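Open your viewer and get ready to select side chains. We will go stop by stop.

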Amino acid sequence: MTYCVGLLLNEGMVMLSDTRTNAGLDNIATYRKMFQFEEPGERVITIVTAGSLSVTQTTIARLREAADLPDATPQTSILLAPTMLKVAEIVGATLADVRREIDQKLSMAQGASATMIVAGQRKGGTMRMFLIYPEGNFIEATEDTPFLQIGEHKYGKPILDRVVKPSTSLADAQKAVLLSMDSTLRSNLSVGMPLDMCVIYRDDCRVGIQRRIEAGDESFRAMSEAWSKALRDGFTQITI
């Protein structure tokens with residue numbers, strides 16, 4: 001299980017992912033779930049993943065390979081695609097192909113499934129963010145729904161519903177995704193540290209902030225404790 005979230009705001013985009021992968025309580029490992037494809041100043045694409053590790057790692061590897069090929073074209077490479085919509089289509093098609101291939105190698109009782117959030121911007125284009133489903137189809141973040149989640153999303157959704165809107169500042173957005181993750185970490189042991197967070201400023205076409213938050217991070221711990229205290233204080237002040 002995992003938890004990843006992406007926010008699409010007027011000022012830019014914020015992405016956050018955990019790194020825990022487990023196949024039972026006695027087989028827990030750490031794997032990066034956030035990946036960058038970047039030509040600084042020209043285009044930036046961030047992908048976060050949830051689901052079968054074999055599917056997500058193979059999909060990312062194929063996307064990188066396609067981008068590095070000498071004969072890469074705008075139809076095959078996300079670094080050459082003319083729009084972010086085309087990027088989403090390439091990622092979706094690659095994900096669907098990989099999932100089908102791995103499904104065929106597994107028994108009928110098993111299934112290989114994965115979802116991804118793809119966010120980015122190319123020079124001269126607009127920022128866009130998509131949630132890619134295992135079948136390759138996708139939905140897009142909008143002004144009405146300026147955030148997307150994959151994995152174990154239910155615990156972290158309430159704060160995003162109440163706080164996040166397109167006009168939210170990037171500073172508040174970072175706080176919102178971290179508190180959303182904190183709620184998930186407290187309620188589901190299959191989501192775990194360390195965390196990867198990135199911030200992309202509008203029209204920069206590059207990753208502005210890249211941060212890894214380890215289990216002992218003091219600022220994250222202080223934020224978590226302050227949030228817990230604020231919730232307790234608010235609860236005691238409510239009368240029925």
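Which side chain meets Arg-128 in a salt bridge? Select Glu-140 and look at the charged ends: nitrogen and oxygen are 2.7 Å apart. Keep in mind that this is a predicted model.

Stay with this pair and show the strands. Arg-128 belongs to strand β8, residues 128-132. Glu-140 belongs to strand β9, residues 138-140. Arg-128 is partly exposed, at 22% relative accessibility. Glu-140 is partly exposed too, at 30%.

Next, select Phe-130 and Phe-138. What is the angle between their ring planes? The planes stand at 80°, and an angle over 60 degrees counts as edge-to-face, so this pair is edge-to-face. The ring centres lie 5.3 Å apart. The structure has 1 aromatic pair by this rule. Is Phe-130 buried or exposed? Phe-130 is buried, because its relative accessibility is 0% and the cut-off for buried is under 20%. Phe-138 reaches 26%, so Phe-138 counts as partly exposed.

Arg-64 lies over the face of Phe-37. Its distance from the ring centre is 4.4 Å.

Back to charges. How many salt bridges does the structure hold? The count is 17. Select one of them, Asp-18 with Lys-33. Their closest N and O atoms are 3.0 Å apart. Asp-18 sits in the loop between β2 (12-17) and β3 (20-22). Lys-33 sits in the loop between β4 (28-30) and β5 (34-39). The partners are 15 residues apart, so this pair also links distant parts of the chain. Check the surface again. Asp-18 is buried, with 0% relative accessibility. Lys-33 is buried as well, at 5%.

Now find helix α2, residues 84-105, and select Lys-86 and Glu-89. These two form a salt bridge, with the closest N and O atoms 3.8 Å apart. Why are they about one helical turn apart? Because they are 3 residues apart in this helix. Lys-86 is buried, at 17% relative accessibility. Glu-89 is partly exposed, at 37%.

For the last stop, select Arg-32, Asp-196 and Arg-212 together. What links these three residues? A network of salt bridges does.

Definitions and conventions. Residues are numbered from 1 along each chain as its sequence is written. This is a predicted model: local features need pLDDT of at least 70, side-chain atom pairs count only at pLDDT 80 or more; totals for chains, interfaces and linings use all residues. Side-chain values use heavy atoms; hydrogens and water are left out. Rings of Phe, Tyr and Trp (its six-membered ring) pair if their centres lie within 6.5 Å; planes under 30 degrees apart count as stacked, over 60 as edge-to-face and the rest as tilted. Buried means under 20% relative accessible area, exposed over 50%, partly exposed in between (1.4 Å probe, protein chains only). A charge sits over a ring if NZ of Lys or CZ of Arg is within 6 Å of the ring centre and within 35 degrees of the ring normal. A salt bridge is a side-chain nitrogen of Lys or Arg within 4 Å of a carboxyl oxygen of Asp or Glu. Helices (H or I, at least four residues) and strands (E, at least two) are DSSP runs, numbered from the N terminus.
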